[in-house]
Amino acid sequence: MTDSTAAHDVQFMRRALELAREGWGQTAPNPMVGAVVVRNGRIVGEGFHARYGEPHAEANALRVAGELARGATMYVTLEPCRHHGKTPPCTEAILESGVERVVIATADPTSAAGGGARVLREVGMLDVEVGLLEAEARELNAPFFNAVKSDRPWTTLKLAVSIETAISNDRGTTSLLTGAESRAEVHRLRAGNDAIAVGVGTILADDSQLTVREGRSPRKPPVRVVFDRSLRTPLHSKVVTTARQVPTIILARDVTSRIADSMRDAGVHIIATQDAREGLRRLHAAGIRSLLVEGGATLARTVLSEGLVDRLVIFQAPVALGPKALHAFDGAPPEVLRALEYYPVLERRQFGQDVMTVFSVRERSN
């Protein structure tokens, strides 16, 4: 392979990754996948998995390419499936198209769909390469890959902090700390997760709705999760009064009280759990593969201290909340605070006057 070919391969795979992101919030529990068909150095077909149950990226790209796919190269962000599910196997579509070369970012880890690369090599005698931009492809679908090996959801901790890393003022209020652009991005993040979680303190302080109210609506509204050991969530709170419209789970120790019965009558699903780790396992068992934890300080400290976080997203606003404000990591053990200094930065972007930083939390306990 020449340097020119390698450079073009990267270019076209990056385009496939861009296309895959168009499925954000629409494809779960399937992964987001993008595909590009290239002939003589020119893109002749593009596609992505737009929605769960609909045609896969490869089929969409091949449909656009038509006869131009014959003798072409396909770039796809995930190994083409080889099984009959809601749609026919992508390997069959590729073999029928006349594509001669397939470049795959990463293998499919599932037993049902994985193995497509082998089928293309052995049945179609195609030139198949796997591993180009693999890290980026796996990051894009981290919850999908995590679900194969872990008993808890892929967990992202999101915090909005002031210039002095405080999360609320002396009255405990956190609303409107960041600007409109950051809040829009948070709604986009919510749309791409199966569930949104907070501690009961956040409900008591802000009466949060925990819904996606901006941008493109997800295929399914994220489940709302409240960590509330003693069932202090008010019956008049938004998460309770709208529980029949938006699925709501409360994780609590006591699930037999009168207040628990009243919550169930309102449509809340109450799960018994003794701690955060067990709570995440119960959520995973309930089908939640990705979880966005939005605070507050107690829950943030708990999930970080117990090694339950995979990604840390911090939105820092250029405002000061004063010396009496509650800091994001107040009360965290020293080892947790030291670890914060060494988390690799995966992304840093500006939203209005705010700066968003995404950290990879390397220490994990599954």
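D207 has a relative accessibility of 25% and therefore counts as partly exposed, since the partly exposed class runs between the 20% limit for buried and the 50% limit for exposed. The model discussed here is predicted. D207 sits in the loop between α8 (200-206) and β9 (223-227). Its phi is near 50 degrees, a positive value in a residue other than glycine.

**Backbone features in loops**

A positive phi is also found at T165, which is not a glycine; the value there is about 60 degrees. T165 belongs to the loop between β6 (154-161) and β7 (166-168). With 34% relative accessibility, T165 counts as partly exposed.

A further backbone feature concerns the peptide bond from A28 to P29, which is cis, with omega near 10 degrees. P29 is located in the loop that connects α1 (3-20) and β1 (34-39).

| Residue | Relative accessibility | Class |
|---|---|---|
| T165 | 34% | partly exposed |
| D207 | 25% | partly exposed |
| V246 | 14% | buried |
| T273 | 5% | buried |

T273 is placed in the loop between β11 (269-272) and α11 (276-285). Its relative accessibility is 5%, so T273 counts as buried, the limit for that class being under 20%. Which backbone atoms lie 2.9 Å and 3.0 Å from a polar atom of the T273 side chain? At 2.9 Å there is the backbone oxygen of D275, and at 3.0 Å the backbone nitrogen of G279. Once neighbours within four places in sequence are set aside, the contacts of T273 are L251, A252, R253, E278 and G279.

**The surroundings of V246**

V246 is found in the loop between α9 (238-241) and β10 (248-252). Its relative accessible area is 14%, and V246 is therefore buried. Not counting residues up to four places away in sequence, V246 touches T211, P222 and R224. How far apart are V246 and T211 in sequence and in space? The two are separated by 35 residues in sequence and by 8.2 Å from C-alpha to C-alpha.

**The chain as a whole**

The protein chain contains 13 helices and 16 strands. Along its principal axes, the C-alpha trace spans about 65 × 45 × 35 Å. The radius of gyration of the protein chain is 23 Å; this agrees with a compact globule, because such a globule of 366 residues would have a value near 21 Å.

Of the 366 residues in the protein chain, 49% count as buried. The protein chain exposes about 17000 Å², and carbon and sulfur atoms supply 50% of that area. Among contacts between residues at least 6 apart in sequence, 72% join residues at least 24 apart.

As for charge, the protein chain carries 45 positive and 43 negative side chains. The centres of these two sets lie 4 Å apart.

Note on methods. Residues numbered from 1 in each chain as written. Predicted model: local features only at pLDDT ≥ 70, side-chain atom pairs only at ≥ 80, totals over all residues. Heavy atoms only, no water. Helix = DSSP H or I, 4+ residues; strand = E, 2+ residues; numbered from the N terminus. Rg over C-alpha atoms; globule rule 2.2 N^0.38 Å. Buried < 20%, exposed > 50% of the residue type's maximum accessible area, 1.4 Å probe, protein only. Contact = heavy atoms within 4.5 Å. Areas by Shrake-Rupley, 256 points an atom, 1.4 Å probe, with all protein chains shown as cover. Lys, Arg positive; Asp, Glu negative; His and termini not counted. Charge placed at Lys NZ, Arg CZ, Asp CG, Glu CD. Polar contact = N/O pair within 3.5 Å; in protein donor to acceptor, adjacent residues only side chain to side chain.
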